[in-house]
Amino acid sequence: MLPPLDGLDQQAGADRPSARDATIEAPADATIWQGGVFQQDIWVTVADGDPLPQASPAILSKKRWLIEHDGLAGRNTPVGLKLEPGEALDDIVGDLAQFSVIALNFPKFSDGRAFSTATLIRDKHGFKGELRAVGNVLSDQIPLMRRVGFDTFEVTHAPTRHALLEGRLAEVRLHYQPAVVSEPPVGTRPWLRRTSG
Amino acid sequence: MSKSAPTISVLTANRLSDGAVVFLDFDGVWVEGLRGAVVARSPDEVRALESRGAFDAARNIVVEPYLVEMLEAADGGLTPVRFRERVRLGGPSILGDVPGYVEAVPAKPQARPEPVAGQPVHAEAA
Amino acid sequence: MYRYDEFDAEFVRQRVAQFRDQVERRVKGELTEDEFRPLRLMNGLYLQLHAYMLRIAVPYGTLSSRQMRKLAHIARVYDRGYGHFTTRQNLQFNWPALGDIPDILAELAEVEMHAIQTSGNCIRNVTADHFAGATAEEVADPRPYAEIIRQWSSLHPEFSFLPRKFKVAVTAAERDRAAIQVHDIGLHLKRLADGGLGFAVWVGGGQGRTPLLAKKIRDNLPEADLLSYLEATLRIYNLHGRRDNKYKARIKILVHEIGADAFAAQVEEEWQRIRDGALKLPEDEIKRIDAYFAPPAFVAPPAGASAKPPTGAPDAAFERWIVRNTHAHKQRGYAIVTISLKPIGGVPGDASAAQMDAVADLAQRYSFDEVRVTHEQNLVLPHVCLGDLRAVYDGLVAIGLAEANAGLVTDIIACPGLDYCALANARSIPIAQRISERLATRQDQIGDLKIKISGCINACGHHHVGHIGILGVEKRGEEHYQLLLGGSGAEDAALAAITGPGFGPTGIVDAVEKVVDTYLKLRKDPQEAFLSAYGRLGSAPFKEALYAAAA
């Protein structure tokens, strides 16, 4: 039969660190990419059945929020919301301003619903707080996410973390359409924009 | 095709670099064509092939490995059971009628200067 | 045609650099195939049965001679000497190596071409009437709007991960050569009551496993509202299109399941919110894009000049070609020429590098440097002076592309099928070849008849809208073909109906011949084309001919 595989590295390629990673790392528990650095997450995402932490900022599901939100009125610590793709905004539109952060989940990176949800949260509902992308957040989608209004990203995918740390997101910085975020125009054609910075 | 003859399996995939149809041979090398392809005759051997395929896909040598059922002739010759796999093995059936078809891809030109994003546009010749 | 400015050129350069980086990361293993797949699809790169396939965008089917020559060059240097023109006006190369793709894209960028969004779950190439800008039938050239949509949809951040692919087509004539009723969005440019230009908007057409004709959801959209309305439509689709089942994920399913009225109402609500925002089309932007599509410097013939092209010595073949392959032009003294890529017994839609170069020369010399790709896998020289038709014809004869069969039974549309495509169940090209050979000698007698062949349920051969449609399936491990009749992709859009049990690879050719024989026997006169006769007669006589016990 086949020659044996003993002695060969069995790690899947995507997880195997590459040589260049030796110098730049962020602590594994610093999962939030914000303002150009990885930070620890100050928020606790609370599972529906779990008790609310007393002292930590807590992110709740919409279902939990709708059940509990009267009881949260007196709470001093900030509250956040996490939405799954396909969850409607209609029944919490009036509450959005109470959230310091809204997290939108990308359970599969190919599920692009949250790009539209983010657009509506910013453009239609005027949400000014932190909009966070969580779940399968990969380097090639981050520039698109930024344009629709996400400002923080929960990133655990190792190659994406390295790309962010090394400042080498391969992106196209010119745009043919206006986006939710404010971008400097290019020339005189009405919709050309560019990513600044 | 008679299904009463025992069928065996070979492992096939597409080579990452050029998408070519390849088969795993006895030395663990991916080759074009069935000559020397390693065959699996038992469930254990099938599992060994599958895990080798997954391993080589993870090592970025091939993509989308899968098993192909073969009929084995008395002289050891292998023929895919499924029609689709016979076409896949043989290449497009109509290449003789394709206008301008050239079998081998010619040598590439010299490495060209990389058009660098961010440089000003040159005036284009008409 | 549109010309890139610095922004457009820099955009494609950045896109090439981005994809080069993505390929490098894939080869190094920093991206798995699952992660790389949507990225490579958004750059038009498929993995097919035998090799990669690169699909290059030909926006609304319009090419310059310089671009055509670059395609020929790529075929020679990076591929196997030929390319395939598709049912969405694009071009496919079937044998590129992964590592060469960034170089190919860099070469394309030099001539203002790319492969952006020709695949993947995003907005695809916007197609248009292949006679646009040349036919008298249109209220205005629809291509400026196709260009505006192309730009707006390029790397749109909100719509890059749709439930499924999204196809838009634009026409401006009553005779629909763009098949708008079988597109996700079909746009019909028309004159509105106030005299301005606007659109009828059709949504939810498509073929594949669940063929459906589009529903008109708006009849009079002013041109200034085009992009905001499209944005609202795409937003509703992106949010609510099904993602649980790949075969139920197109917008046609959403429109079908919630109803056209309910869908239109959702779009309307979002559109009213955004219609006066940033996407309102300024009039001077429309004019600016229009200017790229200004008619070329036609030379009107002297008054009294013959409307017929000079033919010189009697030449029956040339005269047949004029009748069949030329179409009236809006400018007196000119004609629209169809170059058939369907030689008898040949591979539909394929052209060699040498043929592409020769067509480029003809376009440059005789058609104001412009050539079109049609969704029926032919080419068009849109602006040929009548006096030049002889030279064009001779040039086509020299490269074997002078078959006078545009729209005839041998002008067959066929997807690549199992010879190339990993999705296919059966081969389609050999079926097209055998039918073409069988019926060639009678093609003039038979008249207009569109045969469309798909090698699987995905219907890339558009078999649902063939006058005769053929669908390849796999039955008991062998190739098998279903026969459908009476479809149309034009303004009289209709979905073809299956006749009954299918046929094997030789049986299907016989079956098509039986259908043709039945038509010839029963038509009122030679002027009654197949589709009309079928509409009058119904399917019964054809089914009887196919399935009644043979004598």
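**Notebook: chain C and its two partners**

I started with one pair: the side chains of B:Glu64 and C:Arg37 form a salt bridge, N to O at 3.5 Å. My rule for a salt bridge was a side-chain nitrogen of Lys or Arg within 4 Å of a carboxyl oxygen of Asp or Glu.

A note on the source: this is a predicted model, where local features need pLDDT of at least 70 and side-chain atom pairs count only at pLDDT 80 or more, while totals for chains, interfaces and linings use all residues. Residues are numbered from 1 along each chain as its sequence is written, chains are lettered from A and ligands numbered from 1 in the order in which they are written, and side-chain values use heavy atoms, with hydrogens and water left out.

**Entry 1: C against B**

I counted 4 salt bridges between chain C and chain B. I also found 16 residue pairs in polar contact across this interface, both residues at pLDDT 80 or more. A polar contact here is a pair of N or O atoms within 3.5 Å; within protein, one must be able to donate a hydrogen and the other to accept it, and residues adjacent in sequence count only if both atoms are side-chain atoms.

Which element of chain C gives the largest share of the side that touches chain B? I found that α1(C) does, with 9 residues. (Helices are DSSP runs of H or I, at least four residues, and strands are runs of E, at least two, numbered from the N terminus.)

For contact, meaning heavy atoms within 4.5 Å, I listed 55 residues from chain C and 43 from chain B. The buried area is about 3,900 Å², with 55% from carbon and sulfur atoms. C:Arg13, C:His50 and C:Arg80 supply 15% of what chain C buries here, more than any other three residues. Buried area is the accessible area (1.4 Å probe) that two parts lose on being put together, summed over both.

**Entry 2: C against A**

Next I turned to chain A, where the contact takes 47 residues from chain C and 41 from chain A. I noted a buried area of about 3,800 Å², 60% of it from carbon and sulfur atoms. C:Phe7, C:Pro157 and C:Phe161 supply 20% of the area that chain C buries against chain A, more than any other three residues.

How many salt bridges cross the interface of chain C and chain A? I got 5. C:Arg243 forms a salt bridge with A:Asp111, the closest N and O atoms being 3.6 Å apart. I also logged 20 residue pairs in polar contact. On the side of chain C that touches chain A, α1(C) gives the most, 11 residues.
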